[in-house]
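Dear colleague,

Here is the structure that I promised to pass on to you. Please look through it first; my notes follow below.

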Amino acid sequence: MFASIEKHRTTAQVLLALIGISFIGFGASQFSFGSNNQYIVKIGDQIITRYQLDNAVRANQGATREAVFRQLMNRAYLTEGAKQLGLSISETELKQSIVNNKNFHDANGKFSTELFKQILASNGLSEQQFLESERETLLLESIGKILGSNVVADSQVAQFLNSTMAMRKIRNVGVNPQAFESKVKIDDASLKKFYNANQKSYTLPQAVQFEFVRFSPQTLAEKETVSDEEVKQAQQDVQNSSTNKREIAHILIPFGSNKDKAKEEAQKIAKEAQANPDKFAELAKKYSQDSDSKDKSGIIGEFSAQGNLVNDAFKKAAFGVESGGVSDVVESDFGYHIIRAKNLGNATASDDTAARDAAKLKKAQQTYTKLREELSAAAFDDSGSLKKAAEKLGLTVQTHSEWLTRDNAPAAKIPNAVVDALFSDDVFDKKHNSEAITVDGTTWFVRATQTRQQTVQAFDAVKERVKGDFVRSESARLATDEAKKILAELQAGKTLALNWSPVQEVSPEQAQGNFSPEAYANFMKTIPKNGKPAYVLIDNLGAPQLIEVQTVKQAAAADAETLSTVKQIMLPVTERNAMAEAFMDNLSKIVKTEQGSEKVTDATE
């Protein structure tokens, strides 16, 4: 996000790359104070909670939970480091940086407030979020200057270019682990030893089954009855609020496994809907993943500008387009939305349906507030039974009979606040009714019916699974042992009859995209000498692979611009790396760290 805005800040980017932090991806206000010890870790004054980690993982799809947590810790250390160095960014510096940013300049080369707001909106950021991210980037620049830079000689640049940009002529051959499966010896003793060494893989995460009551003004409105007088009053209200009350419809595209792909699809649909808004209902039925609204032309209800909607960005889009218009793509916890909204101020005396629905909703708002208070009191009085409290007030208790974990909660569309309540001590351990939980205008009450602590499954229960894992592990080990023997013979100059792939030329960039960091580093260190090829053994997704590097083509002479770029940006990376690591290592020793009651994950992966 905001790659174009950040690309000119080379010093900050170098430091970000070195310590593995992506600020923009996490959004602002990640480090807020928790109560008591309700956090995973406290680093100086910076607190990292389970809720913040969940959001960061969702924002950085593809990264492991542990890697994201490490990034958050690095960020916390860096923030504390800036404080200890006495660094701060004044409001004047912050504003000047934004005003000077050419991405926010209009055709006349001047800062445009409208363009600034448009770019933020298109990236799903509030102004406050961007300001915090910008402040952190400026702090990184300051730290980068302190870490320093060195004068780089042309000979160093040439060496750097040859080691990182030179094309390599290679061929490869793999050793298939499946060919060794028949050689794996299986007995109970070996399986139990493997099981004991890998119990993390056979652990069930903490989980809960629960019952819940959920209601909102919109759901209550269906049960309301209204008089003719109330309908007339609603018609008048509609006429008087034509600029701030709207019928809102949307098309929802969930993130799925590929957030970027989902956004691309949503943008394509938005473009089609904007070109022909009258086809919105047809597009909603075809594309929307919101089962509650897709067959209703995408309509989710009628809302005033003061009402509760999915989030601030959704509301801004819904009330920002002209009546009957279609918004750009908007992001929420549920995915990407394309929104269509129209004013309801055109109701007439004969337009009874809209007015009657508006009257019901108005009445339901009052019922909702009263019901929320009464159910809160009833659930507290009889904390061990949600059913009694709900029946007393004419509400229906629903059940979630599948095991819910923190990891599968997003797929089940259970909001974060509800998940946090379900795994709290009162609900999870004591099976008490929760307090009222209000998310996006909907109130929830939950009670755990069955709970499961994190549990290592018994050996007998997972024996077949252990057997399969053991065979795969052992066959991979045997394949690697065989590959090492072949490597030794090749390095000794022996000619072997191997099923080599065709010879191809690859760039370091291509290799980096296909290899793990460790494999890439080993590959780049493999240099032919005296006209003879060099060999390296790498792990390719669990399968050993031998690579023969036949030649390394010298990089072309660099022009003046490339030399300057390498001197200023690329080469100092390697020299600053040691300084950055030492800086972070020192911070980890001197900044006070406290462990909280929350865990990085309830599951073991």
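Lys413 has a relative accessibility of 42% and therefore counts as partly exposed, a class that lies between buried (under 20% relative accessible area) and exposed (over 50%), computed with a 1.4 Å probe on protein chains only. Please keep in mind that this is a predicted model, in which local features need a pLDDT of at least 70 and side-chain atom pairs count only at pLDDT 80 or more, while totals for chains, interfaces and linings use all residues. Residues are numbered from 1 along each chain as its sequence is written, and side-chain values use heavy atoms, with hydrogens and water left out.

The phi angle of Lys413 is near 60 degrees, a positive value in a residue other than glycine, and this lysine sits in the loop between β11 (398-404) and α18 (416-422); helices (H or I, at least four residues) and strands (E, at least two) are DSSP runs, numbered from the N terminus. Lys431 likewise has a positive phi, near 55 degrees, and is placed in the loop between α19 (425-429) and β12 (437-439), where its relative accessible area of 29% makes Lys431 partly exposed.

Strand β6 (residues 245-253) is largely enclosed by the rest of the structure, because nine of its nine residues are buried. In a regular strand the side chains alternate between the two faces of the sheet. On one side of β6 the buried residues are Lys245, Glu247, Ala249, Ile251 and Ile253, and on the other they are Arg246, Ile248, His250 and Leu252. β6 pairs (at least two DSSP bridges between the strands) with β7 (residues 299-304) in the antiparallel sense over five bridges, with Glu247 opposite Glu302. Eight bridges join β6 to β10 (residues 335-343), again antiparallel, and there Ile248 stands opposite Ala341.

Helix α22 (residues 517-524) has Ala519, Tyr520, Phe523 and Met524 buried. These residues lie on the same side of α22, because they cover an arc of only 130 degrees around the axis, taken from the directions from the helix axis to the C-beta atoms. The face turned away from that buried side carries the exposed residues Pro517 and Glu518.

Finally, helices α10 (residues 188-197) and α20 (residues 463-491) pack at about 90 degrees with their axes 10 Å apart, the axes being lines fitted to C-alpha atoms over the stretch in contact and the angles running from 0 to 180 degrees between N-to-C directions. The two are therefore roughly perpendicular, a class that spans 65 to 115 degrees. Their contact (heavy atoms within 4.5 Å) includes Phe194 of α10 and Phe470 of α20.

With best regards

Key
Angles under 35 degrees count as roughly parallel, over 145 as roughly antiparallel, 65 to 115 as roughly perpendicular and the rest as oblique.
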